[in-house]
Amino acid sequence: MRPTAKFSLSFGLVTIPVAAYNATDPTAAVSFVRIHTADGGRVRNQPVCSLEGTEVSPDEIGRGYRTDDDAVVPLTDDDLDALPLPTAKTLTILAFVAGGDIDPLQMGKGYYLGADGPAAAKPYALLRDTMERHQRVGLGKIALHGRETLAMIRPVADVLVMQVLLWPHQIRPMTGVLPEGEVKVAANEVRAAETLMDSFGELSEDDVHDHYREALEEIVAAKLAHREPAFEAGEERPVGQVHDLMAALQDSVRAAQRARGETEGTQGADGTAGSGGGARPAGRTATKTASRKSTAARKTAERQPAKRAAAGTAKGGTAAKKSAAAKRTGTKGAGTKATGSGKGAEKTAGTARGTAAAKQPTGRGRKAG
């Protein structure tokens, strides 16, 4: 690679001569050319002089500065080199901060910085290793391509990388972007969203592959060969307005699990994901098989406690009838003594009713239902 610029990187009293190389390849991106739709001819951007109306060759094109009153002042490379700015030839690190303190909106083009000469190798490695050890990035200013800009220096593997940063005033305010009114999100929805985030897993090589470029190249090849493009049938993702947020989150978790070949796990009572026995919000969709199994299990659970409860009630009724019979017999035959026996029978019947009621699994029946 050929360097795009050479300057010095200042670290206190340590000066490191560096060469900057483009870290990105703009030619690797998909690009189109403009054509005349009538005949397919190229439509080019020709540099034309606004005063003469004639095309200008590249070696006749310079730079100029337009003033507020729309006047254009020509500027040469010598004029720019004479600027009394320390950043014209040197990037002075002004502060070291945590990388998370940098707003990603400010990040621009990236450059690899290489040590320019044998004498720069040791201070280069010193700065790189120190920032790596302390998990810090350097902030400074540098003049590149005729303008001064903020820059961030950070270690990446064994190389120092310079990231051009936008000035704070170049970041537009967020006015009019936020949703109108207060939006409330329930705690179970947050838990469901966290479960969905965890189900995504790590990026694969296929995830970071440019499938769009391959598909575009197939279309171009098909047109040149006068054939239909050959594409693999892909799964269409459902789109549309979400009416049940919890159901959409849960279905997304199951879809992510199926995509990785995992078994749907049972979740807690908040019903964040899976096909287990947790609470199900209204409107939740499920597969027919899971629905039939769940319904059958619930009906079985309801019938068993009901039978036990009916048996308990029958025992209590039998005990009560015996108590009543004993009371009538005691009243007719033995007066006061028999009355005492009747009270004992009532006490016994009450105890029987309490025992039968205690045996009814009402709590289990409600949970199963």
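This is a predicted model: local features need pLDDT of at least 70, side-chain atom pairs count only at pLDDT 80 or more; totals for chains, interfaces and linings use all residues.

Biologist: Fine. At what angle do helix 3 and helix 5 pack?

Modeller: Helix 3, residues 187–199, packs against helix 5, residues 245–259, at about 20°. Their axes are 9 Å apart. Angles under 35 degrees count as roughly parallel, so helix 3 is roughly parallel to helix 5.

Biologist: And is the crossing left-handed or right-handed?

Modeller: Helix 3 crosses helix 5 in the left-handed sense.

Biologist: Which residues make the contact?

Modeller: From helix 3 there are N188, E189, A192, A193, T195, L196 and S199. Helix 5 supplies L245, M246, L249, S252, V253 and A256.

Biologist: How many of those are nonpolar, polar or charged?

Modeller: The contact of helix 3 with helix 5 has 8 nonpolar residues, 4 polar and 1 charged.

Biologist: Changing topic: strand 7. How many bridges does it form with strand 5?

Modeller: There are 5 bridges between strand 5 (residues 90–97) and strand 7 (residues 137–144), and the pairing is antiparallel. Within that pairing, I93 is opposite G140 of strand 7.

Biologist: What about strand 8 – parallel or antiparallel to strand 7?

Modeller: Antiparallel, with 7 bridges joining strand 7 to strand 8, which covers residues 147–156. L144 has R147 of strand 8 as its bridge partner.

Biologist: How many residues sit between the strands in that hairpin?

Modeller: The hairpin of strand 7 and strand 8 has 2 residues between the strands. In this hairpin H145 has a positive phi near 55°.

Definitions and conventions: Residues are numbered from 1 along each chain as its sequence is written. Side-chain values use heavy atoms; hydrogens and water are left out. Axes are lines fitted to C-alpha atoms, for helices over the stretch in contact, and angles run from 0 to 180 degrees between N-to-C directions. Helices (H or I, at least four residues) and strands (E, at least two) are DSSP runs, numbered from the N terminus. Angles under 35 degrees count as roughly parallel, over 145 as roughly antiparallel, 65 to 115 as roughly perpendicular and the rest as oblique. A crossing is left-handed if the near helix is turned anticlockwise from the far one by less than a right angle, and right-handed if clockwise. Contact means heavy atoms within 4.5 Å. Ala, Val, Leu, Ile, Met, Phe, Trp, Tyr, Cys and Pro count as nonpolar, Asp, Glu, Lys and Arg as charged, and the others, Gly among them, as polar. Two strands pair if DSSP finds at least two bridges between them.
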